[in-house]
Amino acid sequence: MDEELMPIGQFARLGRLSIKQLRHYAELGLLAPAYVDEHTGYRYYRHEQAREALSIGLLRSLDVPLAVIAQVLSDRPGVLEQVHEWLEAELARRRSTLAALERVMTEGLPSTPVTVVTEPVRHVAVATATAADPSDVGRATSAAIARLRAASSAAAAELIGLFPLDLGEPVTVTVALVSEEPVAGAELDVLPGGRFASATHVGPYGQIGLTAHALLSWCAERRHPVHGPIREVYVSDPATTPPDRLITHLMIPLEEL
């Protein structure tokens, strides 16, 4: 065995990593030992591997995923920019969650008034988008809305978001634009009418979940079986309305008892 090799414990101290971490990184093919004794299974490393170990520790402290670290170490361009974008999106999501929590702390659990309304059948043009997970729904919805607005000639078209009751991974988001006429790049469809439980949300889109909670609670207390999709009728234009004044009507179709 090469005399310049050092045992895993000594290398762990040099690279500022734990033995458990080194074993895990070896399993992932991220930082393999320079030599493994076939009889004892002991692992040995070289001094020049310390820079790589320290780099891994630095990147993990910056919340860079392990799967991405291997690409960074191989000098793949643009990788850290992607991580930066992901962290920015996560920070925005955290801020939205914090704002919703502060609202609950100030106003208590949501108790938005709920009414039963009768909705007519609507002819619509629909666009869909896929969200990677529930935290990505806002981006996907905005993308679908942008496509419909760009293709529609209507100055003030009515837009309705359609969301499944259970948000899995991924999430299919549908946005409907009320229109009797074809819209380029969108499919024509019909939204059924009927009786709906309805509640009005006033505030940022990121806090719509609070009003949805009140709406679902109302249905559960009255033993109304519910089925999706949940409708979000966008009354305000976010381009000209402050976030805290945005008005959105939430609707859940009701099944007769």
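This is a predicted model: local features need pLDDT of at least 70, side-chain atom pairs count only at pLDDT 80 or more; totals for chains, interfaces and linings use all residues.
**Entry 1: D63 and the ground rules**

I started with D63, which is partly exposed at a relative accessible area of 48%. Residues are numbered from 1 along each chain as its sequence is written, and side-chain values use heavy atoms, with hydrogens and water left out.

I then checked the backbone of D63 and got a phi near 65°, positive in a residue other than glycine. D63 sits in the loop between helix 3 (50–61) and helix 4 (66–73). I take helices (H or I, at least four residues) and strands (E, at least two) as DSSP runs, numbered from the N terminus.

**Entry 2: R16**

Which other residue did I note with a positive phi although it is not a glycine? R16, at about 60°. I found R16 in the loop between helix 1 (8–15) and helix 2 (19–27). R16 counts as exposed, with 71% relative accessibility.

**Entry 3: the overall picture**

I counted seven helices and 11 strands in the protein. The radius of gyration is 26 Å, while a compact globule of 257 residues would be near 18 Å. I take that radius over C-alpha atoms, and the globule rule is 2.2 Å times the number of residues to the power 0.38. The C-alpha trace spans about 80 × 45 × 35 Å along its principal axes.

Buried residues are 35% of the 257. I also looked at contacts (heavy atoms within 4.5 Å). Of those with a separation of 6 or more, 67% join residues 24 or more positions apart.

For charges, I put the mean positions of the 22 positive and 32 negative ones 5 Å apart. Lys and Arg count as positive and Asp and Glu as negative; His and the chain ends are not counted. I placed each charge at NZ of Lys, CZ of Arg, CG of Asp or CD of Glu.

**Entry 4: the cores**

My criterion for a nonpolar core is a set of buried Ala, Val, Leu, Ile, Met, Phe, Trp, Tyr and Cys residues joined through side-chain atoms within 4.5 Å.

Which members of the largest nonpolar core touch the most other members? F11, L22 and L31 do, in a core of 20 residues. Helix 1, helix 2, helix 3, helix 4 and helix 5 (79–107) each give two or more residues to this core. Helix 3 gives the most, with four residues. A second, separate core has 18 residues, including A125, A144, V173 and A186.

Is L159 buried or exposed? L159 is buried, at a relative accessible area of 3%. I placed L159 in strand 6 (residues 159–163). L159 and I145 are 14 residues apart in sequence, and their C-alpha atoms are 7.8 Å apart. Beyond four places away in sequence, L159 touches I145, L148 and Y234, among others.

L73 belongs to helix 4 and is partly exposed at 29% relative accessible area. Leaving out residues up to four places away in sequence, L73 touches L30, E52, S55 and I56. I get 53 Å between the C-alpha atoms of L73 and P225, which are 152 residues apart along the chain.

Definitions and conventions:
Buried means under 20% relative accessible area, exposed over 50%, partly exposed in between (1.4 Å probe, protein chains only).
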